[in-house]
Amino acid sequence: MVGIGLAAKNSILIRRADVLERSEQIDVMVFDKTGTLTEGRPRLVDILVMEGFEEEKLLRWAAAVEMGTNHPLSAAILREVMVLDLILPKAEHIIEIPGAGLQGFVEGRQIAIGTKSFIESLEGVIPSPQVRANVEAYRQGGQTVSLMAVDGKIAAILVMEDPPRADSRKIIEDLKKAGLKIHLLTGDVEVVARKVGERVGVDEVKFGADPSGKLDYVRELQKKGLKVAMVGDGFNDAAALSGADLGIAMGSGTDVAKEAGDMILIQGGLSKVVEALKIARATFKTI
């Protein structure tokens, strides 16, 4: 009771007493990338428009289909549209594939936005060698890339940056000193994932994981006899948060992630992960 009360005073919401006990037993802490180790505010830093298309029109269409979705690019595109003061048309028949992309119809045009593999999986959409080369060049720079297709043709390369939180490396160093192994788990591609992993100092990097893949990764670690904590903030993390021995949800994240978490960091960011661990250990040392 005292431990849970102390955590609450420090903006850490612990749902049940056994959560505090499990916190003290963790061997591996798995972090989602976007919005957890990174700032979670992707910026659209470049848009490479293919011949025959107009940038302003593409941004309007992209923002229309992204509106109201959980796609990580949505906030970045919507901020850009707000700056340009563009009027958005109505989007219809939106289909979202978590961790991959989405598609829908805007002003009679079929719009698809998502990862390179998602766009390539659509019937008749084949990126040119030049598009592939540009995508790889951006990725080598540590940037996240999405492709946009209009009526089955590649229309633009959308380039985002989501830098690591300023305190990410220090937090991970503190957790390592506490005896934990730290893993980075993301749906992003290998190059981007490894660059973020190097910058923040994690032990292992798992990339290209969709929501079910994240849960599978947690279960693989558990099969090795490890007690696993999952830290995430998004719709894509909910299954892994529920499946982990300890689910830690960022208070700035989605409602579904917070509902799936055993512990919610209401405010204060990643530093609260270290505080929660200290409170758990101090509680059981006292007992």
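Guide: This is a predicted model, where local features need pLDDT of at least 70, side-chain atom pairs count only at pLDDT 80 or more, and totals for chains, interfaces and linings use all residues. Residues are numbered from 1 along each chain as its sequence is written, and side-chain values use heavy atoms, with hydrogens and water left out.

Visitor: Which residue meets D237 in a salt bridge?

Guide: A salt bridge is a side-chain nitrogen of Lys or Arg within 4 Å of a carboxyl oxygen of Asp or Glu. D237 has such a partner at 2.8 Å, N to O. The pair links distant parts of the chain, 23 residues apart, with D237 in the loop between β11 (228-232) and α11 (238-243) and its partner in helix α10 (residues 211-223). The partner is K214.

Visitor: Is D237 buried or exposed?

Guide: Buried means under 20% relative accessible area, exposed over 50%, and partly exposed in between (1.4 Å probe, protein chains only). The relative accessibility of D237 is 1%, and K214 has 4% and is buried. D237 therefore counts as buried.

Visitor: How far apart are the N and O atoms in the salt bridge of K170 and D174?

Guide: Both residues lie in helix α8 (residues 168-177), 4 residues apart, so about one helical turn separates K170 and D174. K170 is partly exposed at 47%, and D174 is partly exposed at 22%. From N to O, the distance is 2.9 Å.

Visitor: How many salt bridges does the structure hold?

Guide: Another one joins K272 and E275. The total is 16.

Note on methods: Helix = DSSP H or I, 4+ residues; strand = E, 2+ residues; numbered from the N terminus.
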